[in-house]
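Student: I'd like to understand how the labels for a structure follow from their cut-offs. Could we go through them together?

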Amino acid sequence: MTQDDLRAGQIDTSRPHPARIYDYLLGGKDNYEVDQQAGDELATAAPEVRIGLRANRAFLQRAVRYVVGSGVRQILDIGTGLPTSPNVHEVAQKVAPDVRVAYVDNDPIVNGHAGALLSGSGTTSIVLADLRDPQAIVDHPEIRRIIDFDEPVALLLVAILHFLTEAEKPEEVVATLRDALPAGSFLVLSHATDDFADRSAAKAIYSKATATLNLRSRPEVERFFDGFELLEPGLAQAPFWRPDTTPPPRSSEIGFYGGVARKPA
Ligand SMILES: C[S@@+](CC[C@H](N)C(=O)[O-])C[C@H]1O[C@@H](n2cnc3c(N)ncnc32)[C@H](O)[C@@H]1O
């Protein structure tokens with residue numbers, strides 16, 4: 001996909017969108033007034049939200065370094081978001097330059113930034129697809145060009161599953177993806193939760209967005225790892241998953257779980 005694929009008509013600027021709210025809260029420029037308004041409301045409702053998002057990004061980077069350090073050379077990143085430096089392929093290829101990365105997102109604005117996400121080496125690609133149709137992702141020719149499903153894959157579902165309602169069967173969606181992966185593959189997952197603080201105000205803000213916020217408890221998030229072995233320290237609040245610096249202040253309030261699991265032989 002290229003810039004040419006980005007047709008203005010595909011972008012709904014009348015309602016806030018998760019990718020753009022996230023970009024705004026992380027200090028990015030790819031957002032509209034509706035997204036900024038929702039982001040400001042979110043930061044008022046939950047003042048630690050920006051710390052939480054940065055902690056989620058930092059978790060993502062540590063987890064990518066870990067899986068690549070463990071030998072995996074292909075990454076499928078579903079719900080990649082707008083380019084936020086360093087991007088997954090930059091983190092991964094710093095550890096091992098031969099890592100191949102397939103990015104997936106359902107937001108055309110993310111797809112429009114393909115140039116910023118692509119390494120230009122033919123080993124990184126972006127596909128416009130929806131997590132709610134996981135088989136279409138696995139079967140997509142461009143994904144198949146980058147990812148060899150006979151070799152271990154690191155599947156990244158980072159800060160995306162909470163945009164799926166229970167009616168959209170996230171458990172089945174993740175099971176379809178897990179089943180497509182061979183032994184030795186990794187699942188890197190983070191998910192928003194209200195286990196540590198009341199998040200009803202945040203939920204109300206997302207109810208006006210293009211995707212709702214579906215907070216889940218520890219056991220509800222742990223089921224996404226079924227059949228995989230969670231690595232130490234298990235599912236943890238994002239700043240406490242194998243931290244490489246002192247966790248930021250208010251880390252114990254952060255409403256993001258993060259975990260990494262491996263598919264056994
Ligand atoms: C909060 S951002 C997370 C970005 C990145 N994974 C990270 O953690 O920094 C969530 C991303 O998921 C995408 N997304 C939400 N629902 C999706 C779906 N059903 N299929 C594909 N992408 C989706 C959004 O467009 C957005 O870019």
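Tutor: Gladly! Helices (H or I, at least four residues) and strands (E, at least two) are DSSP runs, numbered from the N terminus. What covers the buried residues of helix 3 includes helix 1, helix 4 (88-95), strand 4 (154-158), strand 5 (186-192) and strand 8 (256-262).

Student: What kind of model is this, and how are residues numbered?

Tutor: This is a predicted model: local features need pLDDT of at least 70, side-chain atom pairs count only at pLDDT 80 or more, and totals for chains, interfaces and linings use all residues. Residues are numbered from 1 along each chain as its sequence is written.

Student: Why does Gln93 count as buried?

Tutor: Gln93 is found in helix 4. Gln93 counts as buried because it has 20 C-beta neighbours inside 10 Å. Val68 is 25 residues from Gln93 in sequence, and their C-alpha atoms are 8.6 Å apart in space. Val68 is among the buried residues of helix 3, as are Gly52, Asn56 and Arg62.

Student: How do you know that the span of helix 3 is close to the expected one?

Tutor: The expected span of a helix is 1.5 Å times one less than its number of residues. Helix 3 has 21 residues and reaches 30 Å from its first C-alpha to its last, close to the 30 Å expected. Helix 3 is followed by Gly71, with a positive phi near 115°.

Student: Why is strand 1 called largely enclosed?

Tutor: Five of the five residues of strand 1 (residues 74-78) are buried, so the rest of the structure largely encloses it. Gln74, Leu76 and Ile78 point one way, Ile75 and Asp77 the other.

Student: What makes strand 1 and strand 2 a pair?

Tutor: Two strands pair if DSSP finds at least two bridges between them. Strand 1 and strand 2 (residues 100-105) have five bridges, in the parallel sense, and Asp77 stands opposite Tyr103 in strand 2.

Student: And what does Leu156 touch?

Tutor: Leaving out residues up to four places away in sequence, Leu156 touches Ile75, Leu76, Asp77, Ile78, Val88 and Val188.

Methods
Two residues are in contact if their C-beta atoms, placed from the backbone, lie within 7 Å. A residue is buried if 20 or more other C-beta atoms lie within 10 Å of its own, exposed if 12 or fewer, and partly exposed in between; C-beta atoms are placed from the backbone.
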